[in-house]
Amino acid sequence: MSAGLIGYERGRVGRAAGLRTHILVALGACVVMILDQYLVVYVNPASDPARLGAQVINGIGFLGAGTILVTGKRVTGLTTAAGLWTTACVGLTYGGGYFEGGLLVTLVMLSVMSALHKLEGHTSTLVGMELAVEIERSEDIPCLLDTVRICGGHVVNVSIDDETKNAAKGQLYVRLSLKVGRNFDSAAILNGLTQKIHVIMFKEL
């Protein structure tokens, strides 16, 4: 249940590791801890009851690393990776029979990931973002800059690459250096632009 709640919250906000991933992580960690205790009780009483559990804590890192994405100067997925690691620890807690601790950590995790999400978006330090946009006319540049500002981006620098300008069609390659919040989604700029002008190319560097 705990892993399902955490996974549902992650899936609700569009994260790659959602309901099923978190349930499977917690289930695997739980069964490993149960197996550890089984081996101590029925196979070898002298064995270390925390040995397999320690390997789960170390090994979950490969799955967490798969959720971390580096795009330009921005890093996303750290919260999901940390959530997967903590979910594995919750699974170990349940497998070890400490149900009160597992439930308490689950409630704290949900509070941190959901209740503090909006607060972090407003208070986090601005980070750099580089955008490359190709537009049809130089007259569209003011519209581009206005759309960026409306979407919450702060324009630091604008550069136009004259070498890529198509003399016949008048197309321009514009590179923008922005300061944005950590939760900023560049897709908002593209959606706003396409409603006003024709965008030939749009990508985050």
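**Figure 1. Overview of the predicted model.** Among contacts in the protein between residues at least 6 apart in sequence, 66% join residues at least 24 apart. The model shown here is predicted, and its fold contains 9 helices and 6 strands. Of the 205 residues of the protein, 37% count as buried. The pLDDT of the protein averages 78, and 80% of the residues score at least 70. Confidence is lowest in helix α7 (residues 117-123), where the mean is 56, and highest in α8, where it is 88.

**Figure 2. Close-up of the packing of helix α2 against helix α5.** In general, two packed helices are described by the angle between their axes and the distance between the axes. Helix α2 covers residues 19-43, and its axis comes within 7 Å of the axis of α5, with a crossing angle of roughly 40 degrees. The crossing in which α2 passes α5 is right-handed. On the α2 side the contact involves T21, H22, V25, A26, A29, C30, M33, I34 and Q37, and these residues meet G83, L84, T87, A88, G91, L92, Y94 and G95 in α5. When the residues of this contact of α2 with α5 are sorted by class, 10 are nonpolar, 7 are polar and none is charged.

**Figure 3. Close-up of the packing of helix α5 against helix α6.** Helix α6 covers residues 99-115, and α5 packs with α6 at an angle of about 165 degrees, with the two axes 8 Å apart. Because angles over 145 degrees count as roughly antiparallel, α5 and α6 are described as roughly antiparallel to each other. The crossing of α5 and α6 is left-handed. From α5, the residues that make the contact are T79, G83, T86, T87, V90, T93 and Y94, while α6 contributes F99, G101, G102, L103, V105, T106, M109 and M113. By class, the contact of α5 with α6 contains 7 nonpolar and 8 polar residues, and no charged ones.

Figure 4. T87 is found in helix α5, which covers residues 78-95. Because a residue counts as buried when its relative accessible area is under 20%, T87, with a value of 1%, is classed as buried. Not counting residues up to four places away in sequence, T87 touches A3, I6, H22, V25, A26 and M109. Among these partners of T87, H22, V25 and A26 also belong to the α2 side of the contact between α2 and α5, and M109 belongs to the α6 side of the contact between α5 and α6. L84 is also found in helix α5, and L84 is buried, with a relative accessible area of 0%. L84 and G7 are 77 residues apart in sequence, and their C-alpha atoms are 9.0 Å apart in space.

**Figure 5. Close-up of the packing of helix α8 against helix α9.** Helix α8 covers residues 141-150 and helix α9 covers residues 187-194, and their axes come within 9 Å and cross at roughly 135 degrees. That angle makes α8 oblique to α9. The crossing of α8 and α9 is right-handed. The residues of α8 that make the contact are C143, L144, T147 and V148, and those of α9 are I189, G192 and L193. By class, the contact of α8 with α9 consists of 5 nonpolar and 2 polar residues, with no charged residues.

Figure 6. L178 is found in strand β5, which covers residues 171-180, and L178 counts as buried at 2% relative accessibility. Leaving aside its neighbours within four places in sequence, L178 is in contact with V127, G128, M129, L131, V148, H154, V155, V156 and I189. S186 is placed in the loop between β5 and α9, and S186 is buried, with a relative accessible area of 12%. Not counting residues up to four places away in sequence, S186 touches M129, L131, F202 and E204. M129 and L131 are in contact with L178 and with S186.

Definitions and conventions:
Residues are numbered from 1 along each chain as its sequence is written. This is a predicted model: local features need pLDDT of at least 70, side-chain atom pairs count only at pLDDT 80 or more; totals for chains, interfaces and linings use all residues. Side-chain values use heavy atoms; hydrogens and water are left out. Axes are lines fitted to C-alpha atoms, for helices over the stretch in contact, and angles run from 0 to 180 degrees between N-to-C directions. Helices (H or I, at least four residues) and strands (E, at least two) are DSSP runs, numbered from the N terminus. Angles under 35 degrees count as roughly parallel, over 145 as roughly antiparallel, 65 to 115 as roughly perpendicular and the rest as oblique. A crossing is left-handed if the near helix is turned anticlockwise from the far one by less than a right angle, and right-handed if clockwise. Contact means heavy atoms within 4.5 Å. Ala, Val, Leu, Ile, Met, Phe, Trp, Tyr, Cys and Pro count as nonpolar, Asp, Glu, Lys and Arg as charged, and the others, Gly among them, as polar. Buried means under 20% relative accessible area, exposed over 50%, partly exposed in between (1.4 Å probe, protein chains only). pLDDT is the predictor's confidence in each residue, from 0 to 100.
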